[in-house]
Amino acid sequence: ALALHPGSVEELYELLETLGSGHFGVVRRCRRRSTGVFYAAKFVKTRRGRGSRRGLERAQVEREVGILRDLQHPNIMRLHDLFASKSEMVLVLELMRGGELFDFIAEKEMLSEEEAIGFLPENIMLQDKDVPEPQIKIIDFGLAQKLEDGVAFKSLCGTPQYIGT
Ligand SMILES: Nc1ncnc2c1ncn2[C@@H]1O[C@H](COP(=O)(O)OP(=O)(O)OP(=O)(O)O)[C@@H](O)[C@H]1O
C-alpha cells in the first residue's frame, strides 16, 4: 500500500520545470533526491471548506488517487508517492517523456486535425520520444469508477461532449 508522507514533497524530491497544467493545478518534473530518478509531480488544489469555490473536493481527489494506486499495468501511468497538506495533494507519478498521443498523431499528418479532435482522448501520453513505436499510457482517472464483483453497476458517467443521446 502507498503511504501518505507526513512531510513536504520538497524534502524528498527536487522540483524542476513545469511540464503542463490542468484545471486544478500544475505538473512539474521532479527528481528523487536519494536516487536521482525523475518523476512527474502533479499538484492538485483541494477545497478548504464547504463554501470555497476554488479547488477540487478532497474526497474526489482521494477517489481518483485510490483508483490509480490499485492499478499496476504497463499501459497505465504508475503512482509512486503521495503527499497531502490542507490545501493540496501532490501525486508523484511515472514521468511521461514522449508528450501526448494527440500531438504525436497530429504530427504524422495521417489524420486531419479536425478528425483527430473528434475522437482522440487527451489523457493518453507516450512514454518515450523519438522511438518508432512508443509505449502509450493512460494518465487520468478523473471519471473512473471502481466495479465490484457481483455488484451491478448503474450510473451515467463520462465527459458530457462524448455522451450520446
Ligand atoms: N506523468 C506525466 N508526465 C509528464 N507530463 C505529464 C504527466 N502527467 C501530466 N502531464 C502533463 O500535465 C498536463 C496536465 O495533466 P493532467 O491532464 O493530468 O491534469 P488535470 O488537472 O487532470 O487536467 P484536466 O482535468 O484538464 O484533464 C498534461 O496535459 C501533460 O502535458
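Cysteine 30 stands opposite tyrosine 39 in β4. Strands β3 and β4 pair in the antiparallel sense over five bridges; strands pair if DSSP finds at least two bridges between them. The model is predicted: local features need pLDDT of at least 70, side-chain atom pairs count only at pLDDT 80 or more, and totals for chains, interfaces and linings use all residues. Residues are numbered from 1 along each chain as its sequence is written, and side-chain values use heavy atoms, with hydrogens and water left out.

**Sheet**
- Six strands form an open sheet with mixed pairing, in the order β1-β5-β6-β4-β3-β2.
- β1 (4-5) and β2 (13-22) stand at the edges with a single partner strand each, so one side of each has no neighbour in the sheet.
- Helices (H or I, at least four residues) and strands (E, at least two) are DSSP runs, numbered from the N terminus.
- β5 (residues 79-84) and β6 (residues 88-93) pair antiparallel over five bridges.
- Aspartate 81 has valine 92 in β6 as its bridge partner.

**Hairpins**
- Seven bridges join β2 to β3 (residues 25-32), and the two run antiparallel.
- Two residues connect β2 to β3 in a hairpin, and glycine 22 stands opposite glycine 25 in β3.
- The hairpin of β3 and β4 has five residues between the strands.
- Glycine 36, in that turn, has a positive phi of about 80°.

**Helix α2**
- α2 has 13 residues and reaches 19 Å from its first C-alpha to its last.
- The expected span is 18 Å, taken as 1.5 Å times one less than the number of residues.
- Its buried residues (under 20% relative accessible area; exposed is over 50%, partly exposed in between; 1.4 Å probe, protein chains only) are Val61, Glu64, Val65, Gly66, Ile67 and Leu68.
- What covers these buried residues includes β4, β5 and β6.

**Salt bridges**
- The structure holds eight salt bridges, each a side-chain nitrogen of Lys or Arg within 4 Å of a carboxyl oxygen of Asp or Glu.
- Arginine 29 and glutamate 17 form one, with the closest N and O atoms 2.8 Å apart.
- That pair links β3 to β2, twelve residues apart.
- Aspartate 81 and arginine 32 meet at 3.1 Å, N to O.
- Aspartate 81 lies in β5 and arginine 32 in β3, so this pair ties together parts 49 residues apart in sequence.
- Aspartate 81 is buried at 6%, whereas arginine 32 is partly exposed at 23%.
- Lysine 146 forms a salt bridge with aspartate 70, the closest N and O atoms being 2.7 Å apart.
- Lysine 146 sits in the segment after β8 (136-138) and aspartate 70 in α2, 76 residues apart.

Methods. Contact means heavy atoms within 4.5 Å.
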